[in-house]
Amino acid sequence: MGWDRFFSMYLSLVLILLSPTTFTGSKDTPGQKKKTWREALRYCRENHVDLVSVHTEGIQRWVEIVTRKTSTDNVWVGLRHTCDLKFWFWVSGEFLCYQNWAQRLEMQDCSNGERSGAVQSGSKQWISLLENQTLNFICTTK
Ligand SMILES: *[C@@H]1O[C@H](CO)[C@@H](O)[C@H](O)[C@H]1NC(C)=O
């Protein structure tokens, strides 16, 4: 998919990174926002639209650009694992067709709780993390 097509398709999908370099609106305390995955999801849904779902290569390219400005090694996206059903899904409801995992995903260890997905700031690939880590995150806005 070319950039032109990508931009026309996603013109309305503006991704913002909640960091002082790209998000200086309101009176948020300077400093990068870091939240657990659940807190990040709630924050995005209450203040914007949702945690970003990287369900196409185009959105992945966008996220790669946005994560250049992050301070944490990993950045939360709207990727969630369910231990009950043993699969990964996007919180927006998209199927996980496009994938960009850093490693082959073995059976997820559910003994310490549910796992969520993050993009590595370095490789830009996805990894599975325990949801209680506090990381930067990317919301979608209207
Ligand atoms: C996250 O939870 C796991 C398992 O309950 C615990 O071992 C770990 O210390 C926690 N990490 C943080 C950052 O709270």
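**Entry 1: the overall layout**

I started by reminding myself that this is a predicted model. I then went through the secondary structure and found three helices and seven strands in the protein chain. Reading along the sequence, I wrote down the order as α-β-α-β-α-β-β-β-β-β. The chain has 142 residues, and 25% of them count as buried. I also looked up how far contacts reach: of those between residues at least 6 apart in sequence, 71% join residues at least 24 apart.

**Entry 2: the core**

Which residues have the most contacts inside the largest nonpolar core? I noted Leu51, Val52, Val63, Val75, Trp76, Val77 and Phe137, in a core of 21 residues. Two or more residues each come from α2 (37-47), α3 (57-66), β3 (74-82), β5 and β7 (136-141).

Leaving out residues up to four places away in sequence, I listed its contacts as Thr67, Thr70, Ala118, Val119, Ser121, Leu135, Asn136, Phe137 and Ile138.

**Entry 3: the β5 and β6 hairpin**

Next I followed β5 into β6 (residues 126-130), and found the two strands paired in the antiparallel sense over five bridges. For serine 116 I looked up the bridge partner in β6, and it is leucine 129. Five residues lie between the strands of this hairpin, and there lysine 124 takes a positive phi near 70°.

**Entry 4: tyrosine 98**

Where does tyrosine 98 sit? I found it in the loop between β4 (87-90) and β5 (115-120). Is tyrosine 98 buried, exposed or partly exposed? I counted it as partly exposed because 13 other C-beta atoms lie within 10 Å, while exposed would need 12 or fewer and buried 20 or more.

I then checked its partners, setting aside neighbours within four places in sequence: tyrosine 98 is in contact with His55, Thr56 and Glu57. I also noted glutamine 60, which is 38 residues from tyrosine 98 in sequence but 9.3 Å away in space, C-alpha to C-alpha.

**Entry 5: around the ligand**

Last, I turned to the ligand. Which residues surround it? My list reads Asn112, Gly113, Leu130, Asn132 and Gln133.

How values were computed: Residues numbered from 1 in each chain as written. Predicted model: local features only at pLDDT ≥ 70, side-chain atom pairs only at ≥ 80, totals over all residues. Near = placed C-beta within 6 Å. Helix = DSSP H or I, 4+ residues; strand = E, 2+ residues; numbered from the N terminus. Contact = placed C-beta atoms within 7 Å. Core = buried A, V, L, I, M, F, W, Y, C linked by C-beta atoms within 7 Å. Pairing = 2+ DSSP bridges.
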